[in-house]
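The sequence and model come first, and the description follows.

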Amino acid sequence: MTTLHLGQILSFDGSPFDEGPTAAWHERQGGLVVGDGRILAVGPADAMRMSHPEAEVIDHGEGLIVPGFVDAHAHYPQTGMIASWGKRLIDWLNHYTFPEEMRFADPAYARDVAGRYLDLLLANGTTSVCSFCTIHPHSVDALFEAAESRRMRVFAGKTCMDRDTAPEGLRDTAQGAYDDSKALLERWHGRGRASYVITPRFSPTSTPDQLRALGALWAEHPGCPMQTHLSEQTDEIAWVKSLYPDARDYLDTYEAYGLLGPGGLYGHAIHLEPRERERLREIGASLVHCPTSNTFIGSGLFDMDGLAREGQIIGLATDTGGGSSFSMLRTMAAAYEIGQLRGRPLHASELLWLATQGSARALRADDRIGNLAAGMEADFIVLDLASTPAIAQRSASAEDIWEALFPTIMMGDDRAVTGTWVAGERTRVG
Ligand code: GUN
Ligand code: ZN
């Protein structure tokens, strides 16, 4: 069956970081034609009606149709401890995160959180996520099964930790991490919309043997993404230096063991040395900006302007539950605020691009998700640009689409998401 969605439409022909806001395409009266889970055509409403007279029409009125948001770094097991008070990274991990992740020893708990988490994402307009799981292999099955039943394109992997810096009960071994990750990869990677992501948590919780084993697994499956954390807090960097005295810098702890490559996703990447920036760019690795987490845990200010200018691949993410929100709207607002603190206010087109195409590109999935164009998978949302009285009174005087959208980016939440479509079908939530 073919469906024609009518409304305002925003999509991208290029990156606003390279071309400015004209990289985006806005149609006030647009039409999005969807069939078999894919976008068949997009353009002016009248032209779409003419070319697809058989399509069932769904009219979203003034609603703005944009691609579903793509969250490039999150920890679904931290759903239950989001917004925990008063700690910085290392204490926060020990005090809140690890105890919560231990609860995932119970497969029923993992299933419960996985479903709840994905429903929260859909309600917030996020249709794809790249998530860490826990060390328990069944925590990966739980998320992929929940994603499969919602038909979502999800990227995830078993979090590996074998050093005694992680608590008893949350430790695997170098060989066990390799074996479990390989078995999960073979079970899930490429099944439906699932992608397996090789996932060493970060170098402080892995031994060199484990990093080497996961580097070997990645070399055997270079088409899989690999995700980890890099240079989030200065205390963490000092810790890495003490654990890896021979490493040139933090990135070298990954590079030395085969964990630096294209398709590598490096969360945070705030306090980078010049050599690290140069290597990341040369390799075509992806940096993932997690702004609500960086302010919440007190990590620092990501250098979006400098990193984008030097040609780094950059995605945007919540980092739930270090991040303080499930919403990519709130995440865009935080990226704007950090940009302001660094003297570079990001344009609404850049914020929307980061939350859709940018993250999809970081995941090397921008040919399938994160944009509205013929052939892409039909993951999209409808935004109400007047979802609260405060937003409505501001957007009423907007002179163009960016001025109309920006108040929703800055002040919007799940009330702004009036509908979420995954692979062409409306979801129950959102
Ligand atoms: N570094 C290692 N693990 C984590 C985590 O769970 N959250 C954040 N924000 N940083 C980390
Ligand atoms: Zn993280």
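The model is predicted, with local features needing pLDDT of at least 70 and side-chain atom pairs counting only at pLDDT 80 or more, while totals for chains, interfaces and linings use all residues. Residues are numbered from 1 along each chain as its sequence is written, chains are lettered from A and ligands numbered from 1 in the order in which they are written, and side-chain values use heavy atoms, with hydrogens and water left out.

On a 1 Å grid over the protein atoms alone, a cavity is a set of points where a 1.4 Å probe fits but cannot get out; a pocket is an open set with protein on both sides within 12 Å along at least five of seven lines, and lining residues have an atom within 4 Å of a point. Grid points are joined across faces, edges and corners, and a volume is the space filled by probe spheres set on the points. In the table, Ala, Val, Leu, Ile, Met, Phe, Trp, Tyr, Cys and Pro count as nonpolar, Asp, Glu, Lys and Arg as charged, and the others, Gly among them, as polar.

| Space | Volume | Lining residues by class |
|---|---|---|
| Largest pocket | about 260 Å³ | 7 nonpolar, 3 polar, 5 charged |
| Largest cavity | about 110 Å³ | 5 nonpolar, 6 polar, 3 charged |
| Second largest cavity | about 30 Å³ | 5 nonpolar, 3 polar, no charged |

The largest cavity has a volume of about 110 Å³. Its lining has 14 residues, and those closest to the centre are Leu89, Trp92, Leu93, His229 and Glu232. Helix α3 (residues 89-102) gives the most to this lining, with 3 residues; helices (H or I, at least four residues) and strands (E, at least two) are DSSP runs, numbered from the N terminus. In the second largest cavity, α3 again gives the most to the lining, here with 4 residues. Residues lining the second largest cavity include Ile90, Phe98, Thr165 and Trp239.

The largest pocket has a volume of about 260 Å³. It is lined by 15 residues, of which Gln8, Glu62, Leu385, Ser395 and Ala404 are the closest to its centre. At least two lining residues come from each of β2 (24-35), α15 (389-395) and α16 (401-411).

The protein chain is divided into domain 1 (2-67 + 370-426) and domain 2 (69-362), with bounds from an automatic or database domain assignment. To the contact (heavy atoms within 4.5 Å), domain 1 gives 30 residues and domain 2 gives 33 residues. The C-alpha centres of the two domains lie 29 Å apart.

About 2700 Å² is buried between domain 1 and domain 2, with carbon and sulfur atoms giving 71% of it; buried area is the accessible area (1.4 Å probe) that two parts lose on being put together, summed over both. On the domain 1 side, Phe17, Ile409 and Val422 lose the most area to domain 2, together 25% of what that side buries.

The interface of domain 1 and domain 2 has 4 salt bridges, each a side-chain nitrogen of Lys or Arg within 4 Å of a carboxyl oxygen of Asp or Glu. Arg193 forms a salt bridge with Asp379, with the closest N and O atoms 2.8 Å apart.

**Backbone details**

The peptide bond from Thr320 to Gly321 is cis, with omega near -5 degrees. Gly321 is in the loop between β14 (313-316) and α13 (328-341). Asp36, in the loop between β2 and β3 (38-44), has a positive phi of about 55 degrees although it is not a glycine.
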